[in-house]
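Trainee: I would like to go through this model with you. Could we start with the helices and then turn to the ligands?

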Number of protein chains: 6
Amino acid sequence: DFMNALENDVKPAFGTSATEVSAYVANGIIPWGAPVARILEDGELLAKQVKESERTPLVAVLLEGPPGSGKTALAAQIAKNSDFPFLKICSPENMIGFHESAKCQQIKKIFDDAYKSQLSCVIVDDIERLLDYAPIGPRFSNLVLQALLVLLKKVPPHGRKLLVIATSSRRDVLQDLEMTNVFNARIHAYNLSTGEQLLAALDGMDAFTKKEMEDITKAVDGKRLCIAIKKLQVLVEMARQTEEGERVPKLITLLQEEGGLED
Amino acid sequence: DFMNALENDVKPAFGTSATEVSAYVANGIIPWGAPVARILEDGELLAKQVKESERTPLVAVLLEGPPGSGKTALAAQIAKNSDFPFLKICSPENMIGFHESAKCQQIKKIFDDAYKSQLSCVIVDDIERLLDYAPIGPRFSNLVLQALLVLLKKVPPHGRKLLVIATSSRRDVLQDLEMTNVFNARIHAYNLSTGEQLLAALDGMDAFTKKEMEDITKAVDGKRLCIAIKKLQVLVEMARQTEEGERVPKLITLLQEEGGLED
Amino acid sequence: DFMNALENDVKPAFGTSATEVSAYVANGIIPWGAPVARILEDGELLAKQVKESERTPLVAVLLEGPPGSGKTALAAQIAKNSDFPFLKICSPENMIGFHESAKCQQIKKIFDDAYKSQLSCVIVDDIERLLDYAPIGPRFSNLVLQALLVLLKKVPPHGRKLLVIATSSRRDVLQDLEMTNVFNARIHAYNLSTGEQLLAALDGMDAFTKKEMEDITKAVDGKRLCIAIKKLQVLVEMARQTEEGERVPKLITLLQEEGGLED
Amino acid sequence: DFMNALENDVKPAFGTSATEVSAYVANGIIPWGAPVARILEDGELLAKQVKESERTPLVAVLLEGPPGSGKTALAAQIAKNSDFPFLKICSPENMIGFHESAKCQQIKKIFDDAYKSQLSCVIVDDIERLLDYAPIGPRFSNLVLQALLVLLKKVPPHGRKLLVIATSSRRDVLQDLEMTNVFNARIHAYNLSTGEQLLAALDGMDAFTKKEMEDITKAVDGKRLCIAIKKLQVLVEMARQTEEGERVPKLITLLQEEGGLED
Amino acid sequence: DFMNALENDVKPAFGTSATEVSAYVANGIIPWGAPVARILEDGELLAKQVKESERTPLVAVLLEGPPGSGKTALAAQIAKNSDFPFLKICSPENMIGFHESAKCQQIKKIFDDAYKSQLSCVIVDDIERLLDYAPIGPRFSNLVLQALLVLLKKVPPHGRKLLVIATSSRRDVLQDLEMTNVFNARIHAYNLSTGEQLLAALDGMDAFTKKEMEDITKAVDGKRLCIAIKKLQVLVEMARQTEEGERVPKLITLLQEEGGLED
Amino acid sequence: DFMNALENDVKPAFGTSATEVSAYVANGIIPWGAPVARILEDGELLAKQVKESERTPLVAVLLEGPPGSGKTALAAQIAKNSDFPFLKICSPENMIGFHESAKCQQIKKIFDDAYKSQLSCVIVDDIERLLDYAPIGPRFSNLVLQALLVLLKKVPPHGRKLLVIATSSRRDVLQDLEMTNVFNARIHAYNLSTGEQLLAALDGMDAFTKKEMEDITKAVDGKRLCIAIKKLQVLVEMARQTEEGERVPKLITLLQEEGGLED
Ligand SMILES: Nc1ncnc2c1ncn2[C@@H]1O[C@H](COP(=O)(O)OP(=O)(O)OP(=O)(O)O)[C@@H](O)[C@H]1O
Ligand SMILES: Nc1ncnc2c1ncn2[C@@H]1O[C@H](COP(=O)(O)OP(=O)(O)OP(=O)(O)O)[C@@H](O)[C@H]1O
Ligand SMILES: Nc1ncnc2c1ncn2[C@@H]1O[C@H](COP(=O)(O)OP(=O)(O)OP(=O)(O)O)[C@@H](O)[C@H]1O
Ligand SMILES: Nc1ncnc2c1ncn2[C@@H]1O[C@H](COP(=O)(O)OP(=O)(O)OP(=O)(O)O)[C@@H](O)[C@H]1O
Ligand SMILES: Nc1ncnc2c1ncn2[C@@H]1O[C@H](COP(=O)(O)OP(=O)(O)OP(=O)(O)O)[C@@H](O)[C@H]1O
Ligand SMILES: Nc1ncnc2c1ncn2[C@@H]1O[C@H](COP(=O)(O)OP(=O)(O)OP(=O)(O)O)[C@@H](O)[C@H]1O
Ligand SMILES: [Mg+2]
Ligand SMILES: [Mg+2]
Ligand SMILES: [Mg+2]
Ligand SMILES: [Mg+2]
Ligand SMILES: [Mg+2]
Ligand SMILES: [Mg+2]
């Protein structure tokens with residue numbers, strides 16, 4: 001209807017930040033298996049809910065999974081796919097050495113900007129780092145914690161809608177901090193765990209010859225595999241520094257040393 | 001009598017904040033059952049006591065209950081129903097990233113303003129957040145705690161009357177902080193816990209067809225139910241993103257995943 | 001004798017604060033029983049000692065008892081009865097949100113002013129709050145603690161005399177802080193604990209008809225009673241909001257819910 | 001000899017503070033028994049050593065004993081008896097509400113002034129309070145502790161001599177803080193512990209008639225007695241507020257309530 | 001190819017710091033055995049990966065081993081060997097007495113400078129000291145920790161490449177701080193552990209005559225040896241202060257006292 | 001040779017501080033036994049190493065032993081004996097009441113000055129006090145600790161040489177702080193422990209007549225003795241305040257009370 005059309009015909013209040021967000025998917029999203037597809041779909045559904053529902057103008061989703069499983073890249077991809085006029089990433093990389101006050105201000109600023117657009121998506125990347133979490137103590141910034149606890153629940157001003165995608169490798173820490181409650185939904189990111197997924201990923205990297213791929217297939221057959229996509233990329237590049245004939249054995253050795261491949 | 005009439009014929013010293021308070025009942029109060037009615041009545045009685053009693057010019061009530069049970073909305077509704085000339089909500093949403101000093105000042109300011117009106121109602125929303133409470137440590141702002149402990153007991157200046165409604169999801173924490181003593185009364189907010197209540201709530205949301213309602217009735221029959229009104233709204237909206245035929249099963253699944261529906 | 005007469009013929013250096021102190025006995029002192037009388041007498045004796053003894057120009061008394069037992073009001077009454085030219089209350093209500101430095105300064109200022117009058121009485125109200133005491137930790141302001149420990153022992157300048165009345169609901173905390181030693185005397189405030197005392201108190205409030213009083217007498221007969229005078233006033237006002245016939249049963253119910261009346 | 005005469009013929013660099021120090025023996029030193037005499041003698045000997053020895057230009061003595069046993073008054077008396085040209089008391093009473101930095105500065109200033117005179121005596125009164133010691137935690141000012149640890153060991157500039165008398169009621173705390181090592185000598189202050197001592201003290205206060213003294217003698221005979229001189233003075237004054245005939249029984253009761261008199 | 005040639009034909013944006021880095025290999029790298037060679041090779045391979053791979057523009061390696069095993073010198077040598085146009089060492093020696101904020105700023109500045117060159121190598125020397133780690137508490141700068149955690153993972157701007165070599169003697173501490181995850185690779189530095197390695201090292205120091213070398217060979221034969229190269233240099237210099245005939249026995253004694261030589 | 005001559009023909013860059021350092025051996029070094037001689041020799045050897053070795057331009061030695069064993073005086077003596085053009089003592093006495101930042105700056109300044117001279121000796125006196133160490137907590141300045149950890153390892157600029165002598169009574173604390181590793185050498189200071197040593201020390205003080213010395217010999221014969229040289233001096237001076245005939249028995253009593261003399 002007209003009201004609806006009008007509301008969705010939004011213009012970004014402060015220019016789209018799609019380019020900035022794209023930087024976080026530098027190496028693309030390799031479709032190495034069903035989990036990848038499902039995460040992107042779930043993200044799409046939530047974006048749709050934000051756009052269409054009147055009763056839930058705020059949806060906050062937690063994208064959590066092991067280190068290097070691609071959380072940041074996936075969050076960025078979901079944001080881009082949403083096609084919302086306002087996209088912004090709230091990343092620890094832009095707050096290095098900040099005291100907690102400065103961090104809070106920057107985080108709050110991003111949300112305040114988001115509230116000015118009718119349809120916004122904010123990525124809260126790497127919550128542990130935003131919280132300055134250290135396991136010894138444990139220590140964390142209570143100021144940032146409290147700010148996030150409020151921001152993740154705060155309904156945007158009338159007529160504005162907001163999708164928040166937060167990422168974390170430490171669901172247990174968020175639980176201990178009683179932070180998981182504030183999310184409306186949760187998406188889990190996975191490591192690669194089958195030979196098939198590994199081959200699909202390597203294929204997507206275009207790193208080995210057909211013959212080499214076959215050797216890899218044999219080498220991992222019947223073994224237990226568990227490797228993060230980000231880590232896999234580093235190991236592949238390390239293997240590629242060696243002579244041609246040694247590249248596959250090197251990769252297998254590296255995978256084993258990392259504990260990513262076990263009998 | 002005349003004296004009484006005069007005293008109640010108060011004018012707001014700083015303009016009524018009813019509109020601001022209304023923002024906290026955005027989705028209205030759906031009358032899903034007896035608990036809702038009783039809470040509103042209890043609130044009304046206390047407001048009456050403030051208005052009429054000479055010996056208790058200050059009444060401080062604690063409205064506590066599980067997360068999402070509607071505490072903030074109910075507190076706002078009670079405030080509005082009281083028809084007091086001065087209404088103000090003291091909410092963590094307006095103090096994001098504030099250091100404890102700034103928080104204290106803002107809280108104190110609200111009470112000082114309230115003291116200037118003859119009949120005032122102040123909502124102290126989400127005490128845990130105002131206290132910057134974090135379970136690890138545990139940590140909290142002692143400055144804010146001390147300020148609240150004094151403000152919740154401080155008799156207003158001669159001739160002024162004040163109703164304070166404080167909300168909290170963590171009665172245990174308040175107990176540990178020896179904070180429960182300062183309240184004159186306590187009201188408990190409940191989750192929905194019967195199929196009847198669920199149906200009344202869904203009815204109030206106008207979200208499902210008659211047929212769907214019947215299906216839901218069957219699906220929850222004989223099961224243990226426990227769901228917060230706030231959470232229920234999100235699940236309903238999620239279910240509504242699916243195809244028509246799947247909406248009821250989806251809702252049931254979501255309720256189960258949330259742990260809100262058990263055999 | 002003349003010297004004595006001269007010394008007592010003091011004039012307040014900074015104007016008497018009797019009015020300010022009176023605000024803390026807003027609802028008067030209802031003579032509900034022997035304990036009330038004894039406390040006032042003990043206070044009178046100490047005031048006399050300050051006035052007359054040359055060897056003890058400083059007397060510091062701790063007035064401690066359960067929450068709401070009337071400590072603040074009784075301290076204020078003793079101060080007023082003393083008829084000293086300088087009266088001042090050092091209350092947390094006037095230091096809301098103060099940091100410990102500011103608190104110390106204000107407390108010290110009050111004592112310094114008292115030293116300027118020949119005969120002074122200072123009320124140090126609610127020591128726990130002045131100390132910013134929180135049971136979790138436990139936390140407290142060491143700066144304020146140290147200031148009080150010194151001020152409560154410090155002999156006034158030659159020729160000046162000072163009575164300090166401090167109140168506290170947490171004698172155990174003061175004990176743990178090794179603070180009880182600095183007091184020269186201790187007065188205990190009591191809750192109402194007999195039906196007779198209850199009726200005397202209700203009588204003093206002029207809240208019920210003769211018939212109602214009789215009903216109450218019957219209702220509490222043979223029961224264990226323990227209620228703070230401050231709490232009692234609130235319950236009475238709550239009961240009075242109900243219909244005429246229900247006021248007594250309501251009061252009894254409220255007393256029971258509070259744990260103030262047991263079989 | 002001449003050198004010696006010259007050296008002792010010192011002039012105070014900053015005026016003698018004997019008057020200031022006298023204020024701390026307001027009620028005089030009542031010679032209630034052998035312990036009192038011995039303490040004064042020990043003090044005299046140490047003052048002599050400072051004056052005469054070349055190898056120990058600094059002597060630091062710890063005067064410790066139960067609360068109210070007269071430590072401050074005795075330290076002041078020893079200082080006065082020494083007849084040193086520079087006398088100064090470093091007392092918590094002059095640093096109320098000071099932060100640790102300010103405390104350190106003031107303490108250091110006193111020692112620096114002392115170093116300017118050829119023969120100085122500094123009283124460091126009530127170390128626990130100077131340290132802001134609180135038993136919960138425990139808490140204390142490390143800045144003040146470190147300053148004292150260095151100052152109590154620091155040899156004065158060539159040709160200057162210094163006697164430091166420190167007082168404390170908490171030798172155990174100083175032990176735990178590894179502070180007792182820095183003292184060259186230790187003097188213990190005692191409570192009154194025999195009927196004879198009690199009567200000598202009462203005699204010194206001139207508080208009771210001969211008849212009353214006899215009654216007291218009988219009343220305490222065969223009982224265990226332990227009372228601080230400071231406390232005793234307060235109890236005597238309290239007893240004196242009563243009617244003539246009741247003064248002795250009152251004193252005995254007060255002594256018993258204080259735990260100072262046991263069968 | 002051309003693109004590659006161009007990319008590597010980089011110019012240092014801020015002048016090469018090779019000289020500065022050289023200062024950390026003051027006593028050269030004595031090739032005392034296979035571990036030394038392997039470390040340098042591993043370093044070379046990683047530098048090659050940074051130069052050539054497009055997918056891993058950031059490689060962060062942890063060079064860890066016992067105190068004095070030559071970590072800093074080896075890191076500096078690897079950096080020099082890499083021939084990258086931008087070399088910089090981030091060393092605690094340049095931040096003595098810095099508060100954590102200043103440390104963070106300086107560290108961040110070095111990385112920001114590195115990002116401006118196309119090919120950079122940054123040494124993060126002695127992480128424990130950068131973190132202000134103290135075992136009692138334990139204590140550490142969380143601000144520096146968080147900054148390093150982010151910087152060691154942060155992908156350089158498009159087209160820039162960075163090799164980070166971090167050194168540490170406390171792998172266990174980094175593990176506890178969950179810091180080891182952020183490194184892509186790990187190189188272990190070793191102590192000398194065979195007579196052969198010892199002789200090779202002494203040979204490289206040119207410190208003893210042929211005869212003395214033979215005596216040392218005999219003396220260490222069949223013993224368990226474990227000594228850091230840095231410590232060995234000090235012991236050798238101490239031994240050399242003695243008379244000619246005593247130098248070998250002295251060295252053996254010193255080695256034994258250090259616990260570096262056992263039967 | 002010439003190069004050597006030139007290098008040692010150094011001039012102090014900022015004036016020699018030998019006089020300042022001398023103040024710390026006010027009472028001279030009494031040669032009471034072999035330990036004293038050995039410590040001075042060890043110090044001499046290390047100074048020689050600094051002067052002559054090219055590979056170890058920095059030597060840091062820890063002089064540790066019981067309180068009062070003469071560590072500071074011995075360190076000062078070693079420094080003076082070294083005849084280095086730059087001598088400086090980094091003493092807590094010059095930093096009383098300093099906050100950790102100011103302490104760090106002053107310490108760093110001393111080292112920076114030392115680096116400007118070709119041959120320098122810095123005494124870091126009483127590490128526990130420089131660290132503001134308190135056993136309760138325990139507490140210490142991490143800023144100072146970190147500064148010392150770096151400064152004690154930092155190689156001076158090319159061509160400069162530095163001997164650092166640090167003193168401490170708490171080797172256990174330094175161990176816990178993982179500070180002992182940074183020293184290249186360790187020298188232990190002893191208490192007097194034989195009658196012979198005691199007599200040699202008393203002889204050096206010239207405090208008793210020949211007859212008295214004989215009495216002392218007898219009195220300590222066969223007893224276990226353990227007394228610090230610094231303490232002994234105080235006891236001797238105390239004994240000397242008594243009458244001639246009582247001086248020996250007094251000394252023996254004092255030794256026993258101190259726990260320095262046991263059967
Ligand atoms: N299917 C995929 N999913 C996610 N990332 C992928 C995928 N395929 C390739 N990538 C690449 O893998 C990398 C994943 O890194 P990313 O930083 O997103 O992981 P992360 O889980 O956020 O890591 P960390 O736990 O360190 O925060 C990115 O470079 C991304 O481009
Ligand atoms: N009967 C009801 N009682 C309360 N809220 C209701 C009711 N019916 C509908 N609502 C809506 O449900 C929502 C309740 O959310 P609210 O923030 O008040 O819950 P809360 O208990 O304060 O949550 P939290 O624990 O997160 O603070 C509001 O949007 C309100 O409009
Ligand atoms: N006999 C009485 N003694 C004390 N207060 C009385 C008495 N009779 C009536 N009152 C009234 O009861 C109230 C006592 O409240 P007050 O604040 O003095 O109690 P409190 O013990 O200080 O409470 P809290 O523990 O909260 O500090 C006052 O309003 C006072 O006027
Ligand atoms: N023999 C005595 N020794 C000490 N004080 C005496 C003696 N006789 C009388 N007095 C008086 O007793 C009082 C002792 O109080 P003082 O403050 O010195 O005790 P204190 O031990 O320092 O107390 P606190 O433990 O509170 O510091 C002084 O007023 C002093 O004049
Ligand atoms: N093969 C070698 N490897 C490393 N250092 C060597 C080697 N041969 C000689 N050296 C010299 O040994 C010293 C090693 O000291 P370096 O400071 O690098 O050790 P470190 O492990 O960093 O010590 P720390 O644990 O104290 O940080 C340097 O002076 C270096 O020149
Ligand atoms: N053989 C000796 N060795 C050291 N000091 C001696 C010797 N003979 C006499 N002395 C004198 O003894 C005193 C030793 O005191 P010093 O302050 O050096 O001891 P310390 O061990 O540093 O004490 P602390 O543990 O308190 O720091 C000095 O006055 C010094 O002149
Ligand atoms: Mg990430
Ligand atoms: Mg709420
Ligand atoms: Mg009170
Ligand atoms: Mg005292
Ligand atoms: Mg190193
Ligand atoms: Mg010393």
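Trainee: At what angle do the axes of helix α9 and helix α11 of chain F cross?
Mentor: In this predicted model, the axes of α9(F), residues 195-205, and α11(F), residues 229-240, cross at roughly 60° and come within 11 Å. That makes α9(F) oblique to α11(F). Angles under 35 degrees count as roughly parallel, over 145 as roughly antiparallel, 65 to 115 as roughly perpendicular and the rest as oblique. Axes are lines fitted to C-alpha atoms, for helices over the stretch in contact, and angles run from 0 to 180 degrees between N-to-C directions. The helices (H or I, at least four residues) and strands (E, at least two) are DSSP runs, numbered from the N terminus.

Trainee: Is the crossing of α9(F) and α11(F) right-handed or left-handed?
Mentor: The crossing of α9(F) past α11(F) is right-handed. A crossing is left-handed if the near helix is turned anticlockwise from the far one by less than a right angle, and right-handed if clockwise.

Trainee: What about α5 and α7 of chain C, how do they pack?
Mentor: Helix α5(C), residues 100-116, packs against helix α7(C), residues 142-151, at an angle of about 15°, and their axes are 8 Å apart. That makes α5(C) roughly parallel to α7(C). Their crossing is right-handed.

Trainee: Before the ligands, what conventions apply to the numbering and the values?
Mentor: Residues are numbered from 1 along each chain as its sequence is written, while chains are lettered from A and ligands numbered from 1 in the order in which they are written. Because the model is predicted, local features need pLDDT of at least 70 and side-chain atom pairs count only at pLDDT 80 or more, whereas totals for chains, interfaces and linings use all residues; side-chain values use heavy atoms, with hydrogens and water left out.

Trainee: Thanks. Which chains does ligand 1 lie between?
Mentor: Ligand 1 lies between chains A and E. It is surrounded by 20 residues, and the closest are Ile30(A), Lys71(A), Thr72(A), Ala73(A) and Lys153(E). A residue is near a molecule or strand if one of its heavy atoms lies within 4 Å of it.

Trainee: Which polar atoms lie by the oxygen atoms of ligand 1?
Mentor: On the backbone side, an N or O atom of Asn27(A) is 3.1 Å from an oxygen atom of ligand 1, and a polar atom of Gly68(A) is 2.8 Å from an oxygen atom of the ligand. From chain E, a polar side-chain atom of Lys153(E) lies 2.7 Å from an oxygen atom of ligand 1. A polar contact is a pair of N or O atoms within 3.5 Å; within protein, one must be able to donate a hydrogen and the other to accept it, and residues adjacent in sequence count only if both atoms are side-chain atoms.

Trainee: How much of the accessible area of ligand 1 does the protein cover?
Mentor: On its own, ligand 1 has 640 Å² of accessible area, and the protein covers 91% of that. Accessible areas come from the Shrake-Rupley method with a 1.4 Å probe; for residues, only the protein chains shown count as cover.

Trainee: And which element gives the largest share of the shell around ligand 1?
Mentor: The largest share, 4 residues, comes from α4(A). Both α4 (71-82) and α11 (229-240) of chain A supply at least two residues each. By class, the shell has 9 nonpolar, 8 polar and 3 charged residues. Ala, Val, Leu, Ile, Met, Phe, Trp, Tyr, Cys and Pro count as nonpolar, Asp, Glu, Lys and Arg as charged, and the others, Gly among them, as polar.

Trainee: Moving on, why is the site of ligand 4 shared between chains?
Mentor: The site is shared because residues from chains C and D surround ligand 4. Of the 20 residues around this ligand, those that come nearest are Lys153(C), Gly28(D), Ile30(D), Lys71(D) and Thr72(D).

Trainee: Which side chains of chain D have polar atoms by ligand 4?
Mentor: A polar side-chain atom of Trp32(D) is 3.3 Å from a nitrogen atom of ligand 4. For oxygen atoms of the ligand, the distance is 2.8 Å to a polar side-chain atom of Lys230(D) and 3.0 Å to a side-chain N or O atom of Gln233(D). Taken alone, ligand 4 exposes 630 Å², of which the protein buries 91%.
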